[in-house]
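Me: I would like to learn how to read a model like this one. Please take the features one at a time, starting with confidence.

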Amino acid sequence: MRTGLATGVLALLAVVTGCTKGPAGTAQVRERLVAAARAKGVRDGRVLAALAKVPREEFLPPDQRHHASDDRSLPIGRGQRITQPSLVALMTELLRIGPHDKVLEIGTGSGYQAAILAELTSNVYTIEIIPEFASAARDRLRRLGYAAVQIGTGDGYRGWPEHAPFDAIIVTCAPDHVPEPLKEQLREGGRMVIPVGPEDGPQTLHLLKKRQGKLTSTALIPVRFVPLVRPAALLSPRLRARQPAGRPELVDHAWVTTTQRYTHLGAEDLQAQVAGLPGTGAPL
Ligand code: SAH
């Protein structure tokens with residue numbers, strides 16, 4: 001009797017304090033993330049449903065899992081970061097992905113963004129420059145039921161010409177200009193979301209659209225992403241000389257900077273910012 005009562009009290013406590021493990025815990029993670037995305041102005045029901053379905057904790061290293069429900073970027077190793085969930089949701093919403101659209105992501109990282117995309121279309125392609133990340137993401141996505149996602153290892157600057165054109169392109173690392181191959185590989189009517197800016201300076205999230213063969217670009221919000229890095233072998237001697245001395249280390253065939261970068265939002269209400277910002281609409 002006493003034991004029964006004690007168990008009952010403990011169970012109640014667990015429910016009240018949210019300390020339960022397993023499905024209930026993960027459902028809470030996802031509810032918090034959906035609430036955070038809503039609070040930032042994301043309204044697309046399909047995107048919010050994707051956020052509610054993908055278990056973010058599965059994409060984090062064990063020592064970061066308890067932060068899974070925090071709406072912020074988190075370290076995933078090698079100086080890289082999983083993007084802030086509300087920003088994942090906003091960038092996905094901006095792409096207006098239809099169920100038959102072919103989507104390319106540059107910067108697979110943990111595979112979280114790719115899983116969100118895979119909830120919206122079965123044609124997801126993603127490229128990662130760090131081979132260990134690519135193979136870990138491949139295993140993880142397969143295990144979680146996202147086996148259809150195609151993961152390539154290499155320099156995403158060059159896009160994935162064999163599978164082009166794409167209806168949507170999302171770049172989750174920041175180059176200092178929009179790569180020409182990505183512009184070319186965007187289908188007529190296609191959308192691209194890309195952070196652009198220097199590694200150490202202000203970056204801006206851009207939305208590009210291709211209409212009648214021409215690209216227009218709208219500057220949206222300030223962001224901070226890890227840099228898009230190029231394999232040293234591909235850099236011209238002039239660019240190679242510009243790699244900051246001592247900081248980048250040569251890992252496999254890729255430059256990986258040792259500095260830690262994080263994604264953050266420059267605004268409280270993303271949608272208000274997006275709506276309120278005058279699009280430059282400037283042809284690139
Ligand atoms: N979208 C990821 C987070 C991105 S972190 C997620 O959901 O977890 C940025 C990623 O871009 C890192 O994994 C980094 O290795 C990768 N990256 C950097 N430069 C790249 C390049 N030239 N081509 C492909 N991936 C690149």
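Me: Over residues 7-24, how many contacts beyond four places in sequence does the model have?

Reply: pLDDT is the predictor's confidence in each residue, from 0 to 100, and two residues are in contact if their C-beta atoms, placed from the backbone, lie within 7 Å. Over residues 7-24 pLDDT stays under 50, and the model has 5 contacts beyond four places in sequence for them. Residues 243-284 also have a pLDDT below 50, and that stretch has 88 contacts beyond near neighbours in sequence. The protein averages a pLDDT of 80, with 73% of the residues scoring at least 70. This is a predicted model, in which local features need pLDDT of at least 70, side-chain atom pairs count only at pLDDT 80 or more, and totals for chains, interfaces and linings use all residues. Residues are numbered from 1 along each chain as its sequence is written.

Me: Which residues are closest to the ligand?

Reply: A residue counts as near a molecule if its C-beta atom, placed from the backbone, lies within 6 Å of it. Here 24 residues surround the ligand, the closest being G107, G109, S110, Q113 and G156. Strand 2 (80-82), helix 5 (112-118) and strand 4 (123-128) are the elements that give two or more residues to this shell; helices (H or I, at least four residues) and strands (E, at least two) are DSSP runs, numbered from the N terminus. Strand 2 has the largest share, 3 residues.

Me: What does the largest nonpolar core contain?

Reply: A nonpolar core is a set of buried Ala, Val, Leu, Ile, Met, Phe, Trp, Tyr and Cys residues joined through C-beta atoms within 7 Å. Buried means that 20 or more other C-beta atoms lie within 10 Å of the residue's own, exposed 12 or fewer, and partly exposed in between, with C-beta atoms placed from the backbone. The largest core has 66 residues, and L51, V103 and I169 have the most contacts inside it. Its largest share, 7 residues, comes from helix 4 (residues 85-95). Leaving aside neighbours within four places in sequence, I169 is in contact with L104, L182, L186 and M192.

Me: In what sense do strands 8 and 9 pair?

Reply: Two strands pair if DSSP finds at least two bridges between them. Strand 8 (residues 203-211) and strand 9 (residues 214-223) are antiparallel over 8 bridges, and R211 stands opposite K214. The two strands form a hairpin with 2 residues between them. Q212 in the turn has a positive phi of about 50°.
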